[in-house]
Amino acid sequence: MQSGKYFAALFLLLLFLFIDIFLNCFIFALRIENVVVLVLYIFQDICLVFSLIVMSLMFVNTYIFQAGLTRILIRKFKFTIIVNIFYLMLTIAFHVVDLDKRWKYPDYYYWDSYELSVLFVIQRVVAPFHYYFYKRTALRLADPLFYKESQWLKNWLKGIKTGEHQNNTLGSTLQRANTKT
């Protein structure tokens, strides 16, 4: 990947993140029709799915993935992938329950519903973790080291052959390689 591709992918990932934050913050401040809320929810969910797709495409474009070392990427970004998928499922579940309550009880206060309140709180508590790990991963994947053969990868592969990788993490190997260069 060229430098322009890093910037374009990073820009797309951060744009999707900003859209999600904006919709989470302001959708309840607006007193709008249920159909508009439905469209905004669908837009938010599509942005979350596209962000996972762009992140997956960035994984596939890395030198590590193309060399067949997907285990390294999965180990390095496992928590981010889990948090992102969990957040997407929570968001969709909240949207479904919220729209169901809105349409069943259009003239009533429906926020005293237990499942809606629980989903709302859990989704809003998980959101900052999603934002943190998502942004951290987007910035890490924009690093050119992932797209070319580098010393830290060679060191990590040497560790596999000698058995040292079990005691060392990929991050510590990367830090050692960066201090040597």
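Is Asp100 buried, exposed or partly exposed? Asp100 is partly exposed, with a relative accessible area of 33%. This is a predicted model. The structure holds three salt bridges. The briefing covers these pairs and the packing of helices α4 and α5.

**Helix packing**
- Helix α4 spans residues 70-104, and helix α5 spans residues 114-141.
- Their axes come within 8 Å and cross at roughly 145°.
- The crossing of α4 past α5 is left-handed.
- The residues of this contact divide into 20 nonpolar, six polar and six charged.

- Lys104 and Asp100 pair through their side chains, at 3.5 Å from N to O.
- Four residues separate Lys104 and Asp100 in helix α4, so they sit about one helical turn apart.
- Lys104 is exposed, at a relative accessible area of 53%, while Asp100 is partly exposed at 33%.
- Arg102 and Asp98 form another salt bridge, at 3.1 Å from N to O.
- Arg102 and Asp98 are also four residues apart in helix α4, about one turn of the helix.
- Both Arg102 and Asp98 are buried.

- Glu115 forms a salt bridge with Lys101, and their closest N and O atoms are 2.9 Å apart.
- This pair links distant parts of the chain, with Glu115 in helix α5 and Lys101 in helix α4, 14 residues apart.
- Glu115 counts as partly exposed, at 37% relative accessibility.
- Lys101 has 13% relative accessibility, so it counts as buried.

Definitions and conventions:
Residues numbered from 1 in each chain as written. Predicted model: local features only at pLDDT ≥ 70, side-chain atom pairs only at ≥ 80, totals over all residues. Heavy atoms only, no water. Axes fitted to C-alpha atoms, helices over the stretch in contact; angles between N-to-C directions. Helix = DSSP H or I, 4+ residues; strand = E, 2+ residues; numbered from the N terminus. Left-handed = near helix turned anticlockwise from the far one by under 90°. Nonpolar A, V, L, I, M, F, W, Y, C, P; charged D, E, K, R; others polar. Salt bridge = Lys/Arg side-chain N within 4 Å of Asp/Glu carboxyl O. Buried < 20%, exposed > 50% of the residue type's maximum accessible area, 1.4 Å probe, protein only.
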